[in-house]
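Me: Please walk me through this one. I want each label tied to its cut-off.

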Amino acid sequence: MKAWDAVVRLLHWTLAALIVFDLIYDDGGYTHRLVGYAAAVVVLLRLGWQALARGHSLRPSIAETRAYIRLLLAGKPPRSAGHDPLGLWMVWLLWILVLLLALSGWMSRLDVFWGDERVEEVHAILANLLMLAVLLHVLAVSVMSVIWKENLPAAMVTGVKRPPG
Ligand code: HEM
Ligand code: HEM
C-alpha cells in the first residue's frame, strides 16, 4: 500500500541531506547559513504540503501514544500506515529544532547581538539536541524495521509499505 507520497519522500531526504551537511560544515559561513535557511524552507514546504494534500495525520495523541507504549513494552507494537504514535512526537521535535536553528542562526548575526555570545551558545545547544534527535530517530527506525520485519528506510524511498494488521 501507498505510505508516503512523492513530495513527502523528496522533502524528507532533502531535509536529511541539508541537516547532515550543516552539522558537519558548522563554521557559520555563507554556505552553512544558506543550507540552514534552505532546511527551514523545506520544513515549511512540508507543513504547507500537509495542508494541501492531507496525508497521514500529524496530530500527536497522548492517549494513542500511551496505548502504543504499553503494546511496545509488551513486545507487540502495532504497525501503522504512516507515522507511529511515538514517532510523531519525534517528527515535531525534529521540525521545531530545525526552525529554531534557523531563527537563532539569523539572530546571531544581528547587530543588536554583536559581541554577545549567548545567541551563538543557544544555536550550538540546539544543534547538539538536533544531532541527538537525529541519532535517536535513525536508531528507532532501525529497531522498528527489525521488529516489524519491514524495511522502513526503503519505504521512505519507494513510498510503499505492507498494509498494517
Ligand atoms: C538529518 C536527518 C533526518 C531528519 C531531520 C529526518 C526527519 C524526518 C521527519 C521529519 C520524518 C517525518 C516524515 C514526514 O511526515 O514528512 C521522518 C520520517 C522517516 N525517516 Fe527521517 N530524518 C532524517 C534522517 C533519516 C535517515 C538517515 C533515515 C534512514 C535510516 C530516515 C528514515 C526515516 C523513515 C523510515 C521515516 C518514516 C518513519 C515511519 O515509517 O514511521 N530518516 N524523518
Ligand atoms: C538546520 C540548520 C542548522 C544547523 C544544524 C546548524 C548547526 C550549527 C553548528 C553545529 C554550529 C557550531 C556551533 C559551535 O559549536 O560553535 C553552527 C554555527 C553557526 N551557525 Fe548554524 N546551523 C544551522 C543553521 C544556521 C542558519 C540558518 C544560520 C543563519 C545565519 C546559521 C549561522 C551560524 C553561525 C553564524 C555560526 C557560527 C557561530 C560561531 O561563530 O560560533 N546556522 N551552526
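**Labels and their cut-offs**

Me: What makes Gly36 and Arg46 of H2 buried?
Reply: A residue is buried if 20 or more other C-beta atoms lie within 10 Å of its own, with C-beta atoms placed from the backbone; 12 or fewer makes it exposed, and anything in between partly exposed. In H2, Gly36 and Arg46 are buried, as are Ala39, Ala40 and Val42. The model is predicted: local features need pLDDT of at least 70, side-chain atom pairs count only at pLDDT 80 or more, and totals for chains, interfaces and linings use all residues. Residues are numbered from 1 along each chain as its sequence is written, while chains are lettered from A and ligands numbered from 1 in the order in which they are written.

Me: Which helices do the buried residues of H2 pack against?
Reply: They pack against H1 and H4. Across the protein, 16% of the 165 residues count as buried.

Me: What makes the pattern α-α-α-α-α-α?
Reply: Helices are DSSP runs of H or I with at least four residues, strands are E runs of at least two, and both are numbered from the N terminus. The protein has six helices and zero strands. Read along the sequence, that gives α-α-α-α-α-α.

Me: What surrounds ligand 1?
Reply: A residue counts as near a molecule or strand if its C-beta atom, placed from the backbone, lies within 6 Å of it. There are 21 residues around ligand 1, and the closest are Ala16, Ile19, Leu152, Pro153 and Met156. Helices H1 (6-24), H4 (85-108), H5 (118-147) and H6 (152-158) each give two or more. H1 gives the most, six residues.

Me: How do the residues around ligand 2 divide by class?
Reply: Ala, Val, Leu, Ile, Met, Phe, Trp, Tyr, Cys and Pro count as nonpolar, Asp, Glu, Lys and Arg as charged, and the others, Gly among them, as polar. The shell around ligand 2 has eleven nonpolar, six polar and five charged residues. Asp26, Gly28, Gly36, Gly105 and Ala127 are the closest. H4 gives the most, with six residues.

Terms used. Two residues are in contact if their C-beta atoms, placed from the backbone, lie within 7 Å.
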